[in-house]
Amino acid sequence: MLHWNVLFDIHEHGFSRAYLLLKELGTVYLSDFDNILLLEVNSIPQFLETLKRMITKDSSLSRLFSLVVPVTTTFEFQTPAEFETKAQEVILSWLPSLAGKSFYVRIHRRGFKGIIDTHHEAGFLDRMILEQLEKMGHPGQIMHEDPDALINVEIVGKHVGLSCWTYEDLQRFPVIKLG
């Protein structure tokens with residue numbers, strides 16, 4: 001299994017510079033998809049603070065990345081059913097932090113075209129969260145504009161990275177670019 005916890009979508013013509021920069025921050029993995037790099041770092045908060053300092057010193061670095069997506073959990077899958085089962089298991093562990101809040105699920109897919117339907121899967125996960133929060137007695141609400149929390153799912157071939165970000169997290173770490 002590939003070990004990564006940050007996904008980058010690199011702007012055109014910035015790939016070499018981005019690759020060299022990221023090598024200083026962790027272990028870089030090339031993906032099978034154009035301009036997508038995966039990074040493994042020891043600490044997401046430390047990585048975010050370091051990247052923030054680097055961009056403060058050299059603002060041109062921020063133009064290298066169209067996406068900077070830290071993830072807290074990764075897994076591999078082969079089928080849509082396996083994806084749903086594993087994603088649901090991860091997201092269920094986040095329910096206490098979603099209780100009574102607005103949220104939505106965002107999925108970016110690279111690969112599995114025609115096999116994974118991102119709109120269907122996001123809807124499935126949204127409904128599952130709503131049902132579980134209702135059962136807990138702390139109903140939530142799907143809100144696409146300024147939600148309290150954003151559940152981000154990055155699919156890169158058979159690899160998936162998931163994270164849950166609050167509005168406060170995104171304000172504290174402005175280098176996160178979820179797209």
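1. Two strands count as paired if DSSP finds at least two bridges between them. Helices (H or I, at least four residues) and strands (E, at least two) are DSSP runs, numbered from the N terminus. With these terms, V28 stands opposite L39 in β3. The model is predicted, so local features need pLDDT of at least 70 and side-chain atom pairs count only at pLDDT 80 or more, while totals for chains, interfaces and linings use all residues. Residues are numbered from 1 along each chain as its sequence is written, and side-chain values use heavy atoms, with hydrogens and water left out.

2. Strand β3 (residues 36-40) pairs with two other strands, taken in turn here. Strand β2 (residues 27-30) is antiparallel to β3, with four bridges between them. Strand β1 (residues 6-10) also runs antiparallel to β3 and is joined to β3 by four bridges; within this pairing, V6 has L39 as its bridge partner. The hairpin of β2 and β3 has five residues between the strands, and N35 there takes a positive phi near 65 degrees. Four of the five residues of β3 are buried, so the strand is largely enclosed by the rest of the structure. Buried means under 20% relative accessible area, exposed means over 50%, and partly exposed lies in between (1.4 Å probe, protein chains only).

3. N5 sits in the segment before β1. Its relative accessibility is 14%, and N5 therefore counts as buried. The side chain of N5 reaches the backbone nitrogen of V41 at 2.9 Å. A polar contact is a pair of N or O atoms within 3.5 Å; within protein, one must be able to donate a hydrogen and the other to accept it, and residues adjacent in sequence count only if both atoms are side-chain atoms. Not counting residues up to four places away in sequence, N5 touches L39, E40, V41, I44, V69, P70 and V71, where contact means heavy atoms within 4.5 Å.

4. Strand β9 (residues 159-166) is antiparallel to β8, and eight bridges join the two. In β9, G161 is the bridge partner of E154.

5. Helix α5 (residues 118-136) has 19 residues, and at 1.5 Å a residue it should span 27 Å; its end C-alpha atoms are 27 Å apart, which agrees. The expected span is 1.5 Å times one less than the number of residues. At the start of α5, a side-chain oxygen of D117 comes to within 3.0 Å of the backbone nitrogen of H119. Just after α5, G137 has a positive phi of about 85 degrees. The buried residues of α5 are T118, E121, A122, G123, L125, D126, M128, I129 and L133. They pack against α3 (80-92), α4 (95-98), β6 (102-110), β7 (141-142) and β8 (149-156).

6. The structure holds five aromatic pairs. Rings of Phe, Tyr and Trp (its six-membered ring) pair if their centres lie within 6.5 Å; planes under 30 degrees apart count as stacked, over 60 as edge-to-face and the rest as tilted. F8 and F47 form an edge-to-face pair, with 6.1 Å centre to centre and 85 degrees between the planes. This pair links distant parts of the chain: F8 is in strand β1 and F47 in helix α2 (residues 44-57), 39 residues apart. Both F8 and F47 are buried.

7. F75 and F83 form a tilted pair, at 6.3 Å centre to centre and 45 degrees between the planes. F75 is buried, with a relative accessible area of 7%, and F83 counts as buried at 0% relative accessibility. One aromatic cluster is formed by F75, F77, F83 and F112.

8. G179 lies in the segment after α6 (167-172). G179 is exposed, its relative accessible area being 73%. Leaving aside neighbours within four places in sequence, G179 is in contact with L67 and R106. The C-alpha atoms of G179 and V69 are separated by 8.8 Å, and the two residues are 110 residues apart along the chain.
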